[in-house]
Amino acid sequence: MRALFPDPPPASFVLAGATVPACLLAGPPPVAPDRNGLLRLDIAIENGRIVRIAPAGTFGEGAVALAGRMVWPCPVDMHTHLDKGHIWPRAANPDGSFMGALDTVDFDRRANWRAEDVRARFEFGLRCSFAHGTTAIRTHMDCEPPQDAISWEVFAELREEWRGRIELQGVSLGLLDLYEGEAGRALADRTARHGGILGLVPLMEPGIEARLDAFLRLAMERGLDVDCHIDETRDPGARTLRLLAEAALRSRFEGKIVAGHCCSLARQTEEEIDRTLDLVAEAGISVVSLPMCNMYLQDREAGRTPRWRGVTLLHEMAARGIEVAVASDNCRDPFYAFGDHDMHEVFREAVRIAHLDHPVGTWPRAVTATPATVMGLAGRGLIAQGAPADLVIFRGREYSEILARPESGRTVLRGGRPIDATVPDYDELDRLMAGGPNRSAP
């Protein structure tokens, strides 16, 4: 695919005969979409920006003939754990369970997560993401002291170094206990100093309503948005999504709230589902589903085939107007043994796991425009006249083709220039892989 462009590529050219999902185009389409919601367009690019979008065949000069290849805006990955990433060789989950993941990560964090280690793995994930086309990432970071000081400092350095390539947002992550007392206020202050988001893993426990109120006050006092891991369990008794929505309404929370996972909702009664989703919609809470990680962890028992996929109720949420995104979550750590920070893989698997097809409809927005909106990234996630030419050119020409293959031959344009889309080799991290629970120090 790099052969599409001469070396060096011209400053001005036309992507001729591109296929674009109508839902990813800003403004009215210049032609009517086909029965699959796809448009055939010419996209004129000058000096790194999109200057005109017109029906295919409009331009004759400077054409890069795509012959129907699909073009998407660069994706946005709004829920990751770059601080945990790529520890699997030294810290494999012993049984694939959620508790196995918690215990293994806890051991590895205490033993190994010094600044050099976190930075190397964090940046490895950024390089993978960039090569695959991602333009913005929100990462949750474990903030059990003293890890919070280490990880936020690494985050701040890498955010500056990667500015202009990947927009980074950081989320503090911890249980309710972490946000109580003077230590909790200090963590919230540290998060605010770094322009971060306050993150939480609330559990069903006595007094949770009052503790959620206190957590939201902590965020409001500092003008912080909130992003929570919610009900990541198959237990139908886990109902913190409803409690979070009630707390948001009770406190008249002024910022943005994101709820991630929400797995147990799919195990509850229809009455409970309706009650919860009505409250979520009323509170304006956005939801991000992590289908690959949830399918890996949820309903896992040794020697038993899982009975459900672990994902939340995406269709029902979207039908109520709730903003719904999907994201990559963990990569090569005890919470998910696989993954490569590739949002095309995330979307392809989400379609298969959650039946986001027949029709695909507007679901491509779940990895582009919707997370960009939730993260407050104006102008990202859509193909728009005047916007930077940050685009992904797939080899496939329609959904059946781009969803069938990994699309490893895609071309990524940033500012109208093809980038080197080579992912880093795993052996770059070999020096870090001793000293974990599955490796002995040499």
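## A briefing on the predicted chain

His 355 sits in the loop that links α10 (343-354) to α11 (369-374); helices here are DSSP runs of H or I with at least four residues, strands are runs of E with at least two, and both are numbered from the N terminus. Please keep in mind that this is a predicted model, in which local features need pLDDT of at least 70 and side-chain atom pairs count only at pLDDT 80 or more, while totals for chains, interfaces and linings use all residues. Residues are numbered from 1 along each chain as its sequence is written, and side-chain values use heavy atoms, with hydrogens and water left out.

**Backbone points to look at**

- Most residues other than glycine have a negative phi, and most peptide bonds are trans.
- His 355 has a positive phi, near 55°, and is a residue other than glycine.
- With a relative accessibility of 48%, His 355 counts as partly exposed; the scale calls a residue buried under 20% relative accessible area, exposed over 50% and partly exposed in between, using a 1.4 Å probe and protein chains only.
- His 261 is not a glycine either, yet its phi is positive at about 80°.
- You will find His 261 in strand β11, which covers residues 257-261, and it is buried with a relative accessible area of 0%.
- Asp 7 and Pro 8 are joined by a cis peptide bond with omega of about 0°, and Pro 8 belongs to the segment before β1 (12-21).
- Another cis peptide bond runs from Pro 145 to Pro 146, with omega near 5°; Pro 146 is in the loop between β7 and α3 (147-161).

**The chain as a whole**

- The chain holds twelve helices and 16 strands.
- Its radius of gyration is 22 Å, close to the 22 Å that the globule rule gives for 442 residues, so the chain is as compact as a globular protein of that length. The radius is taken over C-alpha atoms, and the rule is 2.2 Å times the number of residues to the power 0.38.
- The C-alpha trace spans about 70 × 55 × 50 Å along its principal axes.
- Of the 442 residues in the chain, 56% are buried.
- Among contacts with a separation of 6 or more, 79% are between residues 24 or more positions apart; contact means heavy atoms within 4.5 Å.

**Nonpolar cores**

- The largest nonpolar core has 91 residues, and Trp 72, Phe 122, Leu 126 and Phe 215 touch the most other members. Such a core is a set of buried Ala, Val, Leu, Ile, Met, Phe, Trp, Tyr and Cys residues joined through side-chain atoms within 4.5 Å.
- Apart from that core lies another of 20 residues, including Leu 66, Val 71, Ile 393 and Leu 413.
- Beyond neighbours within four places in sequence, Phe 122 is in contact with Leu 82, Asp 83, Thr 139, Met 141, Phe 155, Leu 158 and Leu 168.

**Buried residues and their partners**

- Phe 124 lies in helix α2 and is buried at 2% relative accessibility.
- His 86 is 38 residues from Phe 124 in sequence and 8.4 Å from it in space, C-alpha to C-alpha. With neighbours within four places set aside, the contacts of Phe 124 are His 86, Pro 424, Asp 425, Tyr 426 and Leu 429.
- Gly 133 is in the loop between α2 (115-132) and β7 (136-142) and is buried, its relative accessible area being 0%.
- Not counting residues up to four places away in sequence, Gly 133 touches Cys 74, Pro 75, Val 392 and Val 412.
- Gly 133 and His 344 are 211 residues apart in sequence, with 8.9 Å between their C-alpha atoms.
- Val 374 is part of helix α11 and counts as buried at 6% relative accessibility.
- Val 374 and Met 78 are 296 residues apart in sequence but 8.6 Å apart in space, C-alpha to C-alpha. Leaving out neighbours within four places in sequence, Val 374 is in contact with Met 78, Arg 138, Lys 256, Val 258, Ser 286 and Glu 323.
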